[in-house]
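Thanks for sending this one over.

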Amino acid sequence: SGDAFTRVYPAPLRLALIGNGPALTGIATLARATGVETMVWSSEEATRAQLDQLGLEARKTPGELPAMIEALDYTSATVLVFHDHDAEPEILRQLLRRPCFYIGVLGNRAVHRARLDALGKMGVNPQEFARIHAPVGSIPNAKSKTTFAFGVLTEMLAEAKLHNIIA
């Protein structure tokens, strides 16, 4: 207005990846290539070694995970990529306390029903369940890690646009 103008500097889009395996490294590689700030936590040495080769550092100790989750804000998305789903309910309970715009989780519908049941037993409000995208990704039954990664990032970016986090 008049002689003044406004310039908006949006916060960078951030992605926290938690889990193990080739699907995680595929998502991390593609996210980094698209300029998404990427943080990774993996308990698996082979996954961390693969990420190191790609130039991505992964946190590994159990104590580093809560600190990473605590740093997530409204510009943050997170994806859990575990094939052993036992650790997920506690991690999801912590994530649902954060203002992340997107929470995606690997696994079929039966696995997701069991996951929601476990969260309910932990006292998580069932209204929060709608924030969890499962099965993760916009490409159903994706078999290759590249196709899967594109589906995950597509779904995440669509949510970011819906929440006016990206233009």
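1. I would start with helix H6, residues 145-162: its 18 residues reach 26 Å from first C-alpha to last, close to the 26 Å expected at 1.5 Å a residue. Do keep in mind throughout that this is a predicted model.

2. Which residues of H6 are buried? They are Phe-148, Ala-149, Gly-151, Val-152, Leu-153, Glu-155, Met-156, Glu-159 and Ala-160. Following H6 comes Asn-164, with a positive phi near 55°.

3. H1 (residues 22-33) also has a helical partner in H2 (residues 45-53): their axes come within 10 Å and cross at roughly 25°. With angles under 35 degrees counted as roughly parallel, H1 and H2 are therefore roughly parallel to each other. The crossing of H1 past H2 is right-handed.

4. In that pair, H1 contributes Leu-24, Thr-25 and Ala-28, which meet Thr-47, Gln-50 and Leu-51 of H2. By class, the contact of H1 with H2 holds three nonpolar, three polar and no charged residues.

5. Please look at H4 (residues 88-95) and H5 (residues 109-121) too, whose axes come within 9 Å and cross at roughly 65°. H4 passes H5 in a right-handed crossing. On the H4 side the contact uses Glu-88, Pro-89, Leu-92 and Arg-93, and on the H5 side Arg-115, Ala-118 and Leu-119. The contact of H4 with H5 divides into four nonpolar, no polar and three charged residues.

Methods
Residues numbered from 1 in each chain as written. Predicted model: local features only at pLDDT ≥ 70, side-chain atom pairs only at ≥ 80, totals over all residues. Heavy atoms only, no water. Axes fitted to C-alpha atoms, helices over the stretch in contact; angles between N-to-C directions. Helix = DSSP H or I, 4+ residues; strand = E, 2+ residues; numbered from the N terminus. Parallel < 35°, antiparallel > 145°, perpendicular 65-115°, else oblique. Left-handed = near helix turned anticlockwise from the far one by under 90°. Contact = heavy atoms within 4.5 Å. Nonpolar A, V, L, I, M, F, W, Y, C, P; charged D, E, K, R; others polar. Expected span 1.5 Å × (residues − 1). Buried < 20%, exposed > 50% of the residue type's maximum accessible area, 1.4 Å probe, protein only.
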